2 protein chains.
Amino acid sequence: MSVLGKHAIVNGNLVEATEATLPVYDRELQHGFGVYESLRIIRGKIVYPEDHILRLFHSANGLQLRHRFTTEQILAWLRLLVEADGIEEATVRILMMGGPEARLFITASPMLSYPQSFYLEGVKAVSYHGERFLPQYKTCSLLMNYLALREAGSVGAFEALLINKGGSILEGTRSNAFATEGDVVYTAATEEVLEGVTRDKIIKAVSELGYRIVFEAPKLREVLEGRFDELFISSTSMGAMPLRALDGREFNAPFTNASAIHALIRSWELDALH
Amino acid sequence: MSVLGKHAIVNGNLVEATEATLPVYDRELQHGFGVYESLRIIRGKIVYPEDHILRLFHSANGLQLRHRFTTEQILAWLRLLVEADGIEEATVRILMMGGPEARLFITASPMLSYPQSFYLEGVKAVSYHGERFLPQYKTCSLLMNYLALREAGSVGAFEALLINKGGSILEGTRSNAFATEGDVVYTAATEEVLEGVTRDKIIKAVSELGYRIVFEAPKLREVLEGRFDELFISSTSMGAMPLRALDGREFNAPFTNASAIHALIRSWELDALH
């Protein structure tokens with residue numbers, strides 16, 4: 001991520017962005033003993049900050065990463081950074097590193113967003129066999145995700161979907177995954193994956209739009225055999241993004257379901273800014 | 001790891017130790033896309049530097065972490081750091097982080113060593129069910145190791161042994177693992193574990209001492225049932241260290257096999273310094 005603005009927050013202090021560093025001597029850095037969140041700033045406002053802070057604490061708790069940070073503190077620090085640099089649009093990262101004294105970094109980068117064509121035409125994905133360690137938490141243990149995404153990129157795909165030993169599509173390297181069949185939307189059970197902030201909104205949107213959600217991870221084999229009408233992935237940056245292909249299997253636009261869900265969750269985001 | 005001396009090496013430059021940092025913005029830092037080695041300095045000399053650099057390159061290669069560093073460069077930089085700070089004894093870490101341009105850090109910390117009583121009386125270990133991602137490479141993906149070792153520490157154990165889905169003891173969180181039965185020494189197959197620099201010396205010592213090595217990971221169940229005479233773990237810092245207990249199962253000193261192997265590999269180290 002590149003640097004946006006002049007500043008960062010380190011343990012509550014507004015510092016020069018260049019000071020947001022970790023010593024390579026640090027044992028927790030060396031072991032990736034940390035958790036993080038990515039948030040969006042739109043029109044100078046933070047999108048769903050409480051949801052993200054709640055999940056940050058959930059991840060820290062899952063690792064027994066002890067800290068004394070509070071929701072109020074982190075909210076205030078987020079606002080401090082937004083104001084100090086007059087940020088209108090950004091992707092903001094909160095990183096909490098463990099240690100004898102937990103450390104918290106808030107950094108802003110240019111807003112991660114995608115061209116409209118990705119939503120209209122869909123993006124390509126490939127499968128990758130692997131399971132995340134502690135999938136319920138957003139931890140710094142991301143090497144597999146990095147390698148899977150690099151492999152996807154090398155064949156022109158936008159995302160890699162992680163397939164577990166049972167052949168099920170649990171999630172993407174930086175997204176949750178969904179498949180639709182008629183008016184039913186399938187996704188992995190909550191305890192199998194990262195409980196995404198956006199995933200949660202999608203589940204609400206699915207009900208709102210009159211579809212039915214089934215918590216059963218779609219099987220790769222069934223996707224390739226043509227069982228599903230649409231596949232889409234979700235994240236804070238992506239919203240709901242349709243796939244036009246997974247491995248060999250192609251899907252044709254228009255992606256009615258994914259589009260409707262995407263439009264609805266993005267409208268909720270804007271509502272929440274007020 | 002705490003800092004030893006005033007300096008560190010960053011991409012070949014001798015810098016203040018405080019400058020050996022990584023920005024938290026760094027995508028490769030965020031994903032743990034890096035490999036490392038730990039070496040010992042004894043009497044101002046580096047122990048087996050070529051072996052460690054070879055394995056560093058092996059790990060980088062395994063991740064397709066592209067870099068232009070050479071053995072000669074890294075050797076020269078190690079020596080530069082040792083001379084600059086007049087280091088007599090230390091544990092030195094080489095960290096190579098990937099990225100558009102790979103980065104290399106060499107840092108010195110006080111020598112990691114253990115009291116003689118650990119070797120005479122053995123240390124306690126507990127089992128931990130989990131498998132490392134890409135076990136053949138020494139990567140920064142260490143969260144599981146961190147958590148397993150913390151869990152071991154919380155019950156007064158020195159190490160956690162990682163048990164795979166088949167119930168076999170593959171390795172420790174920072175060590176290789178061995179079990180002896182009569183004159184046979186069992187250890188996991190080379191492709192299942194990190195091919196330790198010290199593991200390699202132990203395999204040589206086993207032959208030298210007239211034992212036989214069998215590349216078959218000992219089963220936890222068989223350990224608990226009493227099949228093996230001795231269990232020991234190995235690493236650059238530990239040499240060969242006997243276990244006096246694994247979970248409930250106890251082993252009694254003297255640990256003849258582990259002691260003989262430890263003495264031999266440590267004498268080879270000293271020989272290699274000349």
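**Exercise 1. Strands β1 and β2 of chain B**

Task: In what sense do strand β1 and β2(B) of chain B pair, and over how many bridges?

Solution. 
Step 1. Find strand β1 of chain B at residues 7–10. This is a predicted model.
Step 2. Compare the two strand directions. Strand β1 of chain B and β2(B) pair in the antiparallel sense.
Step 3. Count the bridges between β1 and β2(B): there are four.
Step 4. Pick one pair. His7(B) stands opposite Glu16(B) in β2(B).
Background: strands of a sheet pair through backbone hydrogen bonds, either parallel or antiparallel.

**Exercise 2. The sheet of chain B and its helices**

Task: What is the strand order of the open sheet in chain B, and which strands are the edge strands?

Solution. 
Step 1. Walk across the sheet. Its six strands follow the order β2-β1-β7-β6-β4-β5 (chain B).
Step 2. Check the pairing. It is antiparallel.
Step 3. Look at the ends of that order. The edge strands of chain B are β2 (13–16) and β5 (45–46), and each pairs on one side only.
Step 4. Helix α3 of chain B, residues 71–84, lies across β1, β2, β4 (34–42), β5, β6 (90–97) and β7 (103–109) of chain B. Helix α3 runs at about 35° to β7(B).

**Exercise 3. A hairpin in chain B**

Task: How many residues lie between β9(B) and β10(B) in their hairpin?

Solution. 
Step 1. Locate the strands. In chain B, strand β9 covers residues 159–163 and strand β10 covers residues 169–172.
Step 2. Describe the pairing. β9 and β10 of chain B pair in the antiparallel sense over three bridges.
Step 3. Take a pair from it. Leu162(B) stands opposite Glu171(B) in β10(B).
Step 4. Inspect the turn. Five residues lie between β9(B) and β10(B). Gly167(B) in the turn has a positive phi of about 85°.

**Exercise 4. The sheet of chain A**

Task: Why is one side of β2 and of β5 in chain A left without a neighbour in the sheet?

Solution. 
Step 1. Write down the order. Six strands of chain A form an open sheet, β2-β1-β7-β6-β4-β5, with antiparallel pairing.
Step 2. Go to the edges. β2 (13–16) and β5 (45–46) of chain A each have a single partner strand, so one side of each has no neighbour in the sheet.
Step 3. Check the partner of β2(A). Strand β1 of chain A, residues 7–10, pairs with β2(A) in the antiparallel sense over four bridges. Ile9(A) has Leu14(A) as its bridge partner.
Step 4. Place the helices. α2(A) lies across β4 (34–42), β5, β6 (90–97) and β7 (103–109) of chain A and runs at about 175° to β4(A). Helix α8 of chain A, residues 256–273, lies across β4 and β5 of chain A at about 80° to β4(A).

**Exercise 5. Two helix contacts in chain A**

Task: At what angle do helix α2 and helix α3 of chain A pack, and which residues meet?

Solution. 
Step 1. Read the geometry. Helix α2 (residues 49–62) and helix α3 (residues 71–84) of chain A pack at about 130°, with their axes 10 Å apart.
Step 2. Classify the angle. α2(A) and α3(A) are therefore oblique to each other.
Step 3. The crossing of α2(A) and α3(A) is right-handed.
Step 4. List the contact. Pro49(A), Glu50(A), Ile53(A), Leu56(A) and Phe57(A) in α2(A) meet Thr71(A), Ile74(A), Leu75(A) and Leu78(A) in α3(A).
Step 5. Sort the residues by class. The contact of α2(A) with α3(A) has seven nonpolar, one polar and one charged.
Step 6. Helix α6 of chain A, residues 197–208, packs with α8(A) at about 115°, with their axes 9 Å apart. The crossing of α6(A) and α8(A) is right-handed.
Step 7. Name some residues. The contact includes Ile202(A) and Ala205(A) of α6(A) and Leu264(A) and Trp268(A) of α8(A). By class, the contact of α6(A) with α8(A) has seven nonpolar, one polar and three charged residues.

**Exercise 6. Relating the two chains**

Task: What rotation superposes chain A on chain B?

Solution. 
Step 1. Recall the rule. Two copies of a chain are related by a rotation about an axis and a shift along it.
Step 2. The rotation is 180°, the shift along its axis is 0.0 Å, and the RMSD is 0.0 Å.
Step 3. Name the relation. It is that of a two-fold axis.
Step 4. Compare the surfaces. The same surface serves both copies, as 100% of the contact residues of chain A recur in chain B.

Terms used. Residues are numbered from 1 along each chain as its sequence is written. Chains are lettered from A and ligands numbered from 1 in the order in which they are written. This is a predicted model: local features need pLDDT of at least 70, side-chain atom pairs count only at pLDDT 80 or more; totals for chains, interfaces and linings use all residues. Side-chain values use heavy atoms; hydrogens and water are left out. Axes are lines fitted to C-alpha atoms, for helices over the stretch in contact, and angles run from 0 to 180 degrees between N-to-C directions. Angles under 35 degrees count as roughly parallel, over 145 as roughly antiparallel, 65 to 115 as roughly perpendicular and the rest as oblique. A crossing is left-handed if the near helix is turned anticlockwise from the far one by less than a right angle, and right-handed if clockwise. Contact means heavy atoms within 4.5 Å. Ala, Val, Leu, Ile, Met, Phe, Trp, Tyr, Cys and Pro count as nonpolar, Asp, Glu, Lys and Arg as charged, and the others, Gly among them, as polar. Two strands pair if DSSP finds at least two bridges between them. Copies are superposed by least squares on the C-alpha atoms of residues with pLDDT of at least 70 in both.
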